[in-house]
Amino acid sequence: MNEKDRNPAPSEPADRLAEVFDLVGPLYRRAQRKVEQDAPIEGLSVGVRAVLNMLCEHGPMTVPQMGRAQALSRQFVQRMINDAAARNLVESVPNPAHKRSSLIRLTKEGRAAIIAVIDRERAVLRQAGGDLSDTEIAACIRVLSHLLRFLDHVDVD
């Protein structure tokens, strides 16, 4: 095996996808820190913010559904739901499809809190967009969605 075989050209898709993964981790951690810095306004942790956002987007869900959708353990989601419920941001309601797994839904207070967070985040993201075109953003979403689907089989529990 010569050196060219060990170090493929950087234009190979696998190398470019590795660059994507190398960027996603730090991006996620920095975004998480930003949410935590801004959280005192609504008093939401990153985890509670994530479940409130999911409920805002998708309507009532079970804890296992939320865990699968976000690749989070059910135990973590349950802790976040417990934190949110203690602040009257979510409530459990009967699930007609399953007797033991209640649906979790936003309360009026929860909806107001997550909408305030989303509005504030969108204002920041408007500044972050810079000179990115819709085409570039769509391509980014397409690549990240493809990678997420590729790893869909990974068990998070």
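How many residues does α5 have, and how far does it reach from its first C-alpha to its last? It has 13 residues and reaches 18 Å, close to the 18 Å expected at 1.5 Å a residue. Before I go on, please keep in mind that this is a predicted model.

Now look at which parts of α5 are covered. Its buried residues are V77, M80, I81 and A84. Seen down the helix axis, these fall within an arc of 100°, so they line one face of α5. An α-helix has 3.6 residues a turn, so residues three or four places apart point the same way. On the other side of α5, Q75 and A86 are exposed.

What do the buried residues of α5 pack against? They pack against α3, α4, β1, which is residues 90-93, and β2. Take I81 as one example. Leaving out residues up to four places away in sequence, I81 touches V51, V63, M66, V90 and I104. After the helix comes N88, with a positive phi near 60°.

Next is α6. This helix has 21 residues and reaches 30 Å from its first C-alpha to its last, close to the 30 Å expected at 1.5 Å a residue. Which of its residues are buried? They are G110, A113, I114, V117, I118 and E121. These cover an arc of only 125° around the axis, which puts them on the same side of α6. K108, R126 and Q127, on the other side of α6, are exposed. G130 follows this helix, and its phi is positive, near 50°.

A31 lies in α2, which covers residues 13-38. Is A31 buried or partly exposed? A31 is partly exposed, because its relative accessible area is 37%, and buried means under 20%. A31 and V46 are 15 residues apart in sequence, and their C-alpha atoms are 9.7 Å apart in space.

That is what I have for today.

Conventions:
Residues are numbered from 1 along each chain as its sequence is written. This is a predicted model: local features need pLDDT of at least 70, side-chain atom pairs count only at pLDDT 80 or more; totals for chains, interfaces and linings use all residues. Side-chain values use heavy atoms; hydrogens and water are left out. Contact means heavy atoms within 4.5 Å. Helices (H or I, at least four residues) and strands (E, at least two) are DSSP runs, numbered from the N terminus. The expected span of a helix is 1.5 Å times one less than its number of residues. Buried means under 20% relative accessible area, exposed over 50%, partly exposed in between (1.4 Å probe, protein chains only). The arc is that of the directions from the helix axis to the C-beta atoms.
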